[in-house]
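Please read it with the sequence and the coordinates at hand.

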Number of protein chains: 2
Amino acid sequence: MRLLLISNSTNAGEAYLEYPKGHIADFLAASARKVDTVLFVPYAAVTFSYDEYQAKVAARFAEFGVKVDSVHRYANPAEAVRGAQAIVVGGGNTFHLAKTMQDQGLYEPIREAVAERGVPYIGWSAGSNMSCPTICTTNDMPIVEPMSFKALNLIPFQINPHYLDAHPDGHAGETREMRIEEYIAANKGMNVAGLREGCMLLAEDGKLSLIGKKPLRLFRYGQAPKELTADDDLSFLL
Amino acid sequence: MRLLLISNSTNAGEAYLEYPKGHIADFLAASARKVDTVLFVPYAAVTFSYDEYQAKVAARFAEFGVKVDSVHRYANPAEAVRGAQAIVVGGGNTFHLAKTMQDQGLYEPIREAVAERGVPYIGWSAGSNMSCPTICTTNDMPIVEPMSFKALNLIPFQINPHYLDAHPDGHAGETREMRIEEYIAANKGMNVAGLREGCMLLAEDGKLSLIGKKPLRLFRYGQAPKELTADDDLSFLL
């Protein structure tokens, strides 16, 4: 199984998908089977169209010579997944993504492709949440109700993308750490990887590593949070 | 129907329930039937116990001579609701609150008490989300899965409590406004009241007004957001 799980598409002040593009290109180039076209899942988009989303991603992927097909163009999306060389799930609203994927029956074909046939999977933000057992560590607003909080369950731990330490001055709402502490209190035994912006996780052949300059913050009930860096072997999380 | 819907329990740097306590006391004192004891719903608590939560609220309510009973102490919580003089739903995690209230069958008895018998309802944060048609405009992490996103539906619009304009510097995650814009795009025709910290809504006899120094930011699909103040009549939202 090969997964590239990215915290965020875009760092503040940078162009769209600018910082991760070299890693995406390398990840696809390293595939055992040649990838010249990826199948994109645009269903996290809410305030812009799937066509626009596909075009935006395609423009970036064109820089390294990979075409972007999109699942929303198919009458039978599950069939499109079965023929995909690689699967790319973009960010946006995680609830909208989960609901649409569930409504279209995409979980099983994607799991089968990625977990059983080794089709590469790339996700960012909501697309990284989607690789987890559930969507329970998303930051997004529950704007629509999916059938279930279950996600693709490609990895056995939870990612919190866009993990941040900052909290607006004078604001009394919960910090991100407090929200994750609630999650682990209600889900004892689960690991949560707080993945800061500009960082990604690479899972390959049973090994997991962090790419990026900022450490990952790992949460587990009953333990003090741990900071793990790109030099650490994270495979114990798998 | 009488509702006091508070954005947040506590302003940054102040004591718990300090800023709204005068309004809570006045609201209860103005009840047609005398309120000497409220029934508290502590189910939004996740990282601390229901006993602790009740004690914390009871200490503040004691300052104006009102006792705090809690629904978690009853073998039959729905029966406790039926006998309540007033209902108070505290903040914490909205998903945990909704799931527990749904599991215990509390929606119908609370709706019946508040909407049909005029029992006063006070909520803050998650407790204000709970008065809305759904929990879809909460800021909370979906740490547990409720049976449904439906809430008590005591008002016909959505509240976003802890509404904030600030966004951490250099962070690329969505702003609160962007999240609410996703909600109204997916739920056209719904109104969302962004209720800033330190503010509350008072609904009484079909009239709705804002209490607090900061304006409320009103969102509706296809319209520019509006800022409404304590001088405006908000009854059109009901």
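Asn139(A) lies in the loop between α6 (126-129) and β6 of chain A, in a model that is predicted. With a relative accessibility of 15%, Asn139(A) counts as buried, since the cut-off for that class is under 20% relative accessible area. Its side chain is joined to the side chain of Asn160(A) by a polar contact of 2.7 Å, and the side chain of Asn139(A) also reaches the backbone oxygen of Pro161(A) at 2.8 Å. Leaving aside residues up to four places away in sequence, Asn139(A) touches Asn160(A), Pro161(A), His162(A) and Arg176(A), and from the other chain Met141(B) and Arg179(B).

**The interface of chain A and chain B**

Which residues take part on each side, and how many? In contact are 44 residues of chain A with 44 residues of chain B. The size of an interface is often given as the accessible area lost when the parts come together. Here the area buried between chain A and chain B is about 3300 Å², of which 64% comes from carbon and sulfur atoms. The count of residue pairs in polar contact between the two chains, with both residues at pLDDT 80 or more, is 16. On the side of chain A that touches chain B, the elements giving two or more residues are β6 (158-163) and α7 (176-186) of chain A. The largest share of that side, eight residues, comes from α7(A). Sorted by class, the side of chain A that touches chain B has 20 nonpolar, 16 polar and eight charged residues.

Two salt bridges are found across the interface of chain A and chain B. Asp140(B) forms a salt bridge with Arg179(A), with the closest N and O atoms 3.2 Å apart. Arg179(A) is among the buried residues of α7(A), which are Arg176(A), Arg179(A), Ile180(A), Glu182(A), Tyr183(A), Ile184(A) and Ala185(A). What covers these buried residues includes β6, β7 (191-196) and β10 (216-220) of chain A.

**Relation of the two copies**

Two copies of a chain are related by a rotation about an axis and a shift along it. In this model, chain A is superposed on chain B by a rotation of 180 degrees with 0.0 Å of shift along the axis, at an RMSD of 0.0 Å. The two copies are therefore related as by a two-fold rotation axis. The same surface serves both copies, in that 100% of the contact residues of chain A recur in chain B. Of the residues of chain A, Pro168(A) comes closest to the rotation axis, with its C-alpha at 3.0 Å.

In chain B, Asp169(B) lies in the loop between β6 (158-163) and α7 (176-186). Asp169(B) counts as exposed, at 81% relative accessibility. Between Asp169(B) and Val71(B) there are 42 Å in space, C-alpha to C-alpha, and the two are 98 residues apart in sequence.

**Salt bridges within the chains**

Side chains of opposite charge can pair when their charged atoms come close. Over all chains, the structure holds 30 salt bridges.

| Pair | Closest N to O | Relative accessibility |
|---|---|---|
| Glu18(A) and Arg60(A) | 3.4 Å | Glu18(A) 31%; Arg60(A) 12% |
| Glu18(B) and Arg60(B) | 3.4 Å | Glu18(B) 32%; Arg60(B) 13% |

Glu18(A) counts as partly exposed, while Arg60(A) counts as buried.

In chain B, Arg60(B) forms a salt bridge with Glu18(B). This pair links distant parts of the chain, with Arg60(B) in helix α2 (residues 50-61) and Glu18(B) in the loop between β1 (2-6) and α1 (21-29), 42 residues apart. Arg60(B) is buried, and Glu18(B) is partly exposed.

Elsewhere, salt bridges that share partners join Asp165(A), Glu177(A), Arg196(A), Arg217(A) and Glu227(A) into one network.

Terms used
Residues numbered from 1 in each chain as written. Chains lettered and ligands numbered in written order. Predicted model: local features only at pLDDT ≥ 70, side-chain atom pairs only at ≥ 80, totals over all residues. Heavy atoms only, no water. Salt bridge = Lys/Arg side-chain N within 4 Å of Asp/Glu carboxyl O. Buried < 20%, exposed > 50% of the residue type's maximum accessible area, 1.4 Å probe, protein only. Helix = DSSP H or I, 4+ residues; strand = E, 2+ residues; numbered from the N terminus. Contact = heavy atoms within 4.5 Å. Buried area = accessible area lost by both parts, 1.4 Å probe. Polar contact = N/O pair within 3.5 Å; in protein donor to acceptor, adjacent residues only side chain to side chain. Nonpolar A, V, L, I, M, F, W, Y, C, P; charged D, E, K, R; others polar. Least-squares fit on C-alpha atoms with pLDDT ≥ 70 in both.
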